[in-house]
Amino acid sequence: MELRLTATSGLLAGSRGWRGLAAAHNLDFGEYGDWARVLTAPDEARALVWVVLLDDFGPGEEEVALAALDARLRQHLTVPTLVTWASADPGSVLNGARHALPSRAASQRFETALYQRAAQYSALHILCLDELIAESGKRQFFDARNYYAARARLSVAGIDGLAWAIGQMLERIVVPPRKLLVLDCDNTLWGGVIGEDGLEGVRLGQDGIGAAFQDFQRRLKILAQSGVLLAISSKNNPDDVAQMLDRHPGMVLRRADFAAMRVNWADKPGNVTALADELGLGLESVAFWDDNPFERAEMRAALPQIYVPDVPGDVVDWPKALAHDAAFARFEVTAEDRAKAAQYQARAAFVAASDGQLDRLGFLRSIGLNAQAVPIDASTVARAAQLCAKTNQFNLRTIRHSAADLLAITEEPGNVTFLTALSDRFGDHGLVGLIIIRPAGKGAAEIDTLLLSCRVLGRYLEDWMLAEAIRRLQPQGVRCLRAAYVPTGKNGMMASFLPDHGFQARANGSFEADCESIYCPGAALYDQAPPV
Amino acid sequence: MTKPRLSEILRDHFEGVEFDPDAPGLGAGAFEAWDSFAHFNLLLLIEEAYAVRFSVDDMTNLKSVAEIRAALASQGIAA
């Protein structure tokens, strides 16, 4: 990233402390103390890092600073502006014996002003250094000698810490947090080996190391509530793990807290890949936590896209290490994040429940499948465009329609277009399917788009969508439906879709069928099954 | 841990610049890259490398390699 840095005092440009950040980004420090000019410069379109040390502000300067920040935020709505700031030195804490320390009141005022702006401008990111400084200590972070020799308040170690924090923030602006954390069991979720020590022998809860494992689970639960999915990959007997999840009184996490599990004796890279597939996530969304250095090394070597943190050697350090891990930190936790976790859990429950059912159709009939056709309009077009952009597997032609295209297509006469909402007893899955059929000459039409989110595969929803589309085509006098499969390398599951549904291959490689002879048996599984 | 020679620190710090680190009279301003910022950072690197601490006056007065070497020698360090 092209990065402009400015500060209320010197930043030791070119110091060893900046090396890590300079390796990843192009740094421009400008001139000493040029923050007011840079913030108000209309043509400064690079990402901006503004380091504010409240000790540097004279009387009235805070208002000037906030006004300059407002100018920057108004002018650059989409370019990141990062304000990284630290409180002023409080002096003797005895001054706070009867009244709030003046430095603390000033910090609160400044912080409130920053977050008011953050609520208004999504490009603003705030990084308070106070906590970071507390970790290493002010003596480490600052160096008064540098201030009087070079007008820079920070030590080289301080610059190092500042640069690290800036780098973390910039990475999160670009790279989303990890969505799935896969966990080992023995000596990770509890102390000891359940297969040897038994339910009474493992260490979990009460005092000592057992309490640390339990706190680690509490931290995992907090992560899960912020939208991170949890899963298990462990080498155990499945019954042992089930006993722990269902019966051990010390467990904070229960079966329902895990979106999916692989408990077997197979290698973990294979299991973690299967878990990611089952949940419909790419490996770059996955993290892996295991106490065993061998398993971690194997995972890093086999699947470098997966984030494998260096787990501290002592479990007492785990709760904090997990809480501080930036890989899971997110700028906002929306209601959607929470709903998403529940949707993935619903998906995993469906997969797990259907695996045990020999009579698959009987199972599907028993889960209350309900589909609804939903028109593409201003309120749904964003989701339709997102489905076009993201759906790779169950996608007949993989045309990446934009929102504007989709609205235009919906307006055209003769087109049959709708999104599909699905619910069943595993949950409300939201808008998960899209079909677009366009006229193709007299009495004929052609499938432009047919796609389904991979979260809901295996329910024959495609049959319902196709049948519903045909029901809508027939009043228009459409007798014949044409279609083509466009292979992309990711949509192999669609290769036999057309012949399976009664389409006949034509000489030019496309397919065709009389609407009467299109075969959609799965549509009958749905409560709202149209009469086809 | 063996401490690096002062000439090695100079070479690392001004990577990509052609110069003789043992040239007599070498110091701040000897070439374009050796500006006041680079000089300050050089002194910080030397502090780290030899685990010494320079005063405010040292940071502003030590301009040449010879002066730096003498300041280190006064703290018992041969660089």
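Chain A holds 20 helices and 16 strands, where helices (H or I, at least four residues) and strands (E, at least two) are DSSP runs numbered from the N terminus. The model is predicted: local features need pLDDT of at least 70, side-chain atom pairs count only at pLDDT 80 or more, and totals for chains, interfaces and linings use all residues. Residues are numbered from 1 along each chain as its sequence is written, while chains are lettered from A and ligands numbered from 1 in the order in which they are written.

Of the 532 residues of chain A, 36% count as buried. A residue is buried if 20 or more other C-beta atoms lie within 10 Å of its own, exposed if 12 or fewer, and partly exposed in between, with C-beta atoms placed from the backbone. Two residues are in contact if their C-beta atoms, placed in that way, lie within 7 Å. Among contacts in chain A between residues at least 6 apart in sequence, 69% join residues at least 24 apart.

Next comes the sheet. Seven strands of chain A form an open sheet with mixed pairing, in the order β10-β11-β12-β13-β14-β16-β15; two strands pair if DSSP finds at least two bridges between them. Its edge strands are β10(A) and β15(A), each pairing on one side only. The partner of β10(A) is β11(A), and the two run antiparallel over five bridges. Here V374(A) stands opposite L419(A) of β11(A).

Which residues have the most contacts inside the largest nonpolar core? They are A384(A), L434(A), I435(A), I437(A), L461(A), W464(A) and A469(A), in a core of 49 residues. A nonpolar core is a set of buried Ala, Val, Leu, Ile, Met, Phe, Trp, Tyr and Cys residues joined through C-beta atoms within 7 Å. Elements that each supply at least two residues of this core include β10, α17, β11 and β12 of chain A. The largest share, eight residues, comes from α19(A). Leaving aside neighbours within four places in sequence, L461(A) is in contact with A371(A), T420(A), L422(A), G433(A), L452(A) and V456(A). Apart from this core lies another, of 45 residues, among them L181(A), V241(A), M244(A) and V272(A).

Helix α17(A) has V381(A), A384(A), A385(A), L387(A) and C388(A) buried. Seen down the axis, these buried residues fall within an arc of 155°, so they line one face of α17(A); the arc is that of the directions from the helix axis to the C-beta atoms. An α-helix has 3.6 residues a turn, so residues three or four places apart point the same way. The buried residues of α17(A) pack against α18, β11, β12 and β13 of chain A, whereas the face turned away from them carries the exposed A382(A), A389(A) and K390(A).

Helix α12(A), residues 268-279, reaches 16 Å from its first C-alpha to its last. That is close to the 16 Å expected, a span defined as 1.5 Å times one less than the number of residues. Its buried residues are K268(A), N271(A), V272(A), L275(A), A276(A) and L279(A). They cover an arc of only 135° around the axis, which puts them on the same side of α12(A). After α12(A) comes G280(A), with a positive phi near 70°.

Finally, the contact between the chains takes ten residues from chain B and ten from chain A. On the side of chain B that touches chain A, α2(B) gives the most, with seven residues.
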